[in-house]
Amino acid sequence: QVQLVESGGGLVQPGGSLRLSCVVSGIFVRFATMGWYRQAPGKQRELVVQIAVGGYTNYADSVKGRFTMSRDNAKNTVYLQMNTLIIEDTAIYYCNHHETGTWGQGAQVTVSS
């Protein structure tokens with residue numbers, strides 16, 4: 001059974017940074033397509049970034065150059081480093097395992113002055 005547990009959300013001022021973590025169990029992240037999605041109030045869930053087995057990453061245009069997804073195979077964890085945050089980044093962020101469609105519980109990120 002695949003399980004994803006996110007952490008690292010919080011409140012940050014515009015221009016600040018946060019790092020989200022997603023600890024994965026039940027599969028090896030090195031053999032998986034993993035992604036980060038987000039859902040803002042009143043909006044549909046959208047892809048932020050996805051990393052393929054070979055390491056190729058696909059970023060949403062809105063976060064290119066500001067967000068970085070990485071993978072630690074030894075810790076079986078994926079990360080989302082978010083820099084230069086803007087108010088429009090406010091959302092619940094979800095970790096996703098593509099092959100099984102498994103979602104984490106979500107981490108709230110609020111960007112506000």
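**Figure 1. Asp 61 and Lys 64 pair up through their side chains in a salt bridge, with N and O 3.1 Å apart.** For a salt bridge, a side-chain nitrogen of Lys or Arg has to sit within 4 Å of a carboxyl oxygen of Asp or Glu. Asp 61 is exposed, at 65% relative accessible area. The cut-offs here are under 20% relative accessible area for buried, over 50% for exposed, and partly exposed in between (1.4 Å probe, protein chains only). Bear in mind that this is a predicted model: local features need pLDDT of at least 70, side-chain atom pairs count only at pLDDT 80 or more, and totals for chains, interfaces and linings use all residues. Residues are numbered from 1 along each chain as its sequence is written, and side-chain values use heavy atoms, with hydrogens and water left out.

**Figure 2. Asp 89 and Arg 66 form a salt bridge, their closest N and O atoms 2.7 Å apart.** This pair links distant parts of the chain, 23 residues apart: Asp 89 is in the loop between β8 and β9, and Arg 66 is in the loop between β6 and β7 (67-72). Both Asp 89 and Arg 66 are buried. Salt bridges with shared partners tie Arg 38, Glu 46, Arg 66 and Asp 89 into one network. Strands, by the way, are DSSP runs of E with at least two residues, helices are runs of H or I with at least four residues, and both are numbered from the N terminus.

**Figure 3. Arg 38 meets Asp 89 in a salt bridge too, at 2.9 Å from N to O.** Here the two residues are 51 apart in the chain, with Arg 38 in strand β4 (residues 34-39) and Asp 89 in the loop between β8 (77-82) and β9 (91-97). How buried are they? Arg 38 has a relative accessible area of 6%, and Asp 89 comes in at 0%. The salt-bridge count comes to 4.

**Figure 4. Phe 28, Phe 31 and Val 53 make a nonpolar surface patch of about 340 Å².** Patch members have over 30% relative accessible area and no salt bridge; nonpolar side chains (Val, Leu, Ile, Met, Phe, Trp, Tyr) are joined within 5 Å, like charges within 9 Å. Areas come from the Shrake-Rupley method with a 1.4 Å probe, and for residues only the protein chains shown count as cover. Val 53 lies in the loop between β5 (46-51) and β6 (57-59) and counts as partly exposed because its relative accessibility is 38%.

**Figure 5. The whole structure has 3 aromatic pairs.** In the Phe 28 and Phe 31 pair, the ring centres are 6.4 Å apart and the planes are at 90°, so the pair is edge-to-face. Rings of Phe, Tyr and Trp (its six-membered ring) pair if their centres lie within 6.5 Å; planes under 30 degrees apart count as stacked, over 60 as edge-to-face and the rest as tilted. Phe 28 and Phe 31 are both exposed.

**Figure 6. Ring pairs link Tyr 37, Tyr 94 and Trp 103 into a cluster.** Tyr 37 is buried, with a relative accessible area of 18%, whereas Trp 103 is partly exposed at 36%.

**Figure 7. The whole chain has 0 helices and 11 strands.** Of the 113 residues, 45% are buried. The C-alpha trace spans about 40 × 25 × 25 Å along its principal axes.
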